Amino acid sequence: MKGFKQEHGVDYDEIFAPVVKMNTLRLLLGVVAAEDLELVQLDVKTTFLHGDLDEGIYMSQPARFSTTWEKSHLVCRLKKNLYGLKQALRMWYQKFDSYIWQLGYHRSDSNPCMYTGQLADEFRIYLILYVDDMLIAGSNQVKIGKLKWSLHDKFAMKELEQARHILGMRIERNRTTKTLRLFKFDYIQKVLKRFNMENVKSAPTLLLTTTRLLHKDSPSTEEERKQNGKIPYASGVGSIIYAMVATQPDLAHVVGVV
């Protein structure tokens, strides 16, 4: 994929990683709805502070930390992760991954954020983790409770009452009809506001079939190029892609065109 990045200036993994992530999440939620599994959501507090550093990193003393002039020239050596470090996410993931393996859970080959625990022939627990958002699904509340207790014992966790939001999506579940719906309305509203389009007129048709984006319509003068360069086109397209792979597959044609 190096040639793809060199030719188009886009990282292949940055495009398709959200697709893998969303497909895994939607598949898990589909199993939850079809088999009427319990679904629990947890949030990891101060996520990156749980990671252990495996290299020496130093930082200047915080303002007014040293009370004596003799120690003002000293620096601090970090023993734990801090927010903002480039390796913070990796260190947190390694810490969680090693611990969840000790509990008998196995990482998915297709998505390293997905874990399964085969606790009995007829019972299995699913755990999916995205940075600090965690979903646990299974049919045995006692086994789920044991897993939650183990996670609480190792990390600072916050248990949410029900799984209502994950990765910018709103979850609505009806266990009577065994249905589960995902909405991205709040996310789309934020995107429209970000690009100053919250008050634009809506249309029932996503894109006319006669719409063509041609090279001859590109900016032709230096002034037009400068003006066009101020438009966050790539960010806008990326925002549409995220909505598409999450809950709006009908946007696929639009994304392909733009």
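Is Ile100 buried or exposed, and what is its relative accessible area? Ile100 is buried, with a relative accessible area of 0%; buried means under 20%, exposed over 50% and partly exposed in between, with a 1.4 Å probe and protein chains only.

## Basis of the model

This is a predicted model, in which local features need pLDDT of at least 70 and side-chain atom pairs count only at pLDDT 80 or more, while totals for chains, interfaces and linings use all residues. Residues are numbered from 1 along each chain as its sequence is written, and side-chain values use heavy atoms, with hydrogens and water left out.

Ile100 belongs to helix 3. Helices (H or I, at least four residues) and strands (E, at least two) are DSSP runs numbered from the N terminus. Between Ile100 and Tyr115 the separation is 15 residues in sequence and 8.3 Å in space, C-alpha to C-alpha.

Two packed helices are described by the angle between their axes and the distance between the axes. The axes of helix 3 and helix 4 come within 12 Å and cross at roughly 135°. Axes here are lines fitted to C-alpha atoms, for helices over the stretch in contact, and angles run from 0 to 180 degrees between N-to-C directions. Helix 3 and helix 4 are therefore oblique to each other; angles under 35 degrees count as roughly parallel, over 145 as roughly antiparallel, 65 to 115 as roughly perpendicular and the rest as oblique. The crossing of helix 3 and helix 4 is right-handed: a crossing is left-handed if the near helix is turned anticlockwise from the far one by less than a right angle, and right-handed if clockwise.

## Aromatic pairs

Seven aromatic pairs are found in a search of the whole structure. Rings of Phe, Tyr and Trp (its six-membered ring) pair if their centres lie within 6.5 Å; planes under 30 degrees apart count as stacked, over 60 as edge-to-face and the rest as tilted. With centres 4.9 Å apart and planes at 45°, the rings of Phe48 and Tyr83 make a tilted pair. Phe48 lies in the loop between strand 1 (38–44) and strand 2 (58–59), and Tyr83 in the loop between strand 3 (76–77) and helix 3 (88–102), so this pair ties together parts that are 35 residues apart in sequence. Phe48 is buried, at a relative accessible area of 16%.

Phe96 and Phe155 also form a tilted pair, 6.0 Å centre to centre and with 35° between the planes. Phe96 lies in helix 3 and Phe155 in the loop between helix 4 (141–154) and strand 8 (157–160), so the pair ties together parts that are 59 residues apart in sequence. Both Phe96 and Phe155 are buried.

Three strands form an open sheet in the order 9-10-11, with antiparallel pairing; two strands pair if DSSP finds at least two bridges between them. Strand 9 (165–166) and strand 11 (179–183) stand at the edges with a single partner strand each, so one side of each has no neighbour in the sheet. Strand 10 (residues 169–174) is joined to strand 11 by five bridges, and Ile171 has Leu182 in strand 11 as its bridge partner.

## Positive phi in two loops

Most residues other than glycine have a negative phi. Asp36, in the loop between helix 2 (12–35) and strand 1, has a positive phi near 55°. Asp36 is partly exposed, with a relative accessible area of 30%.

Lys178 lies in the loop between strand 10 and strand 11, and its phi is near 55°, a positive value. Lys178 counts as partly exposed at 46% relative accessibility.
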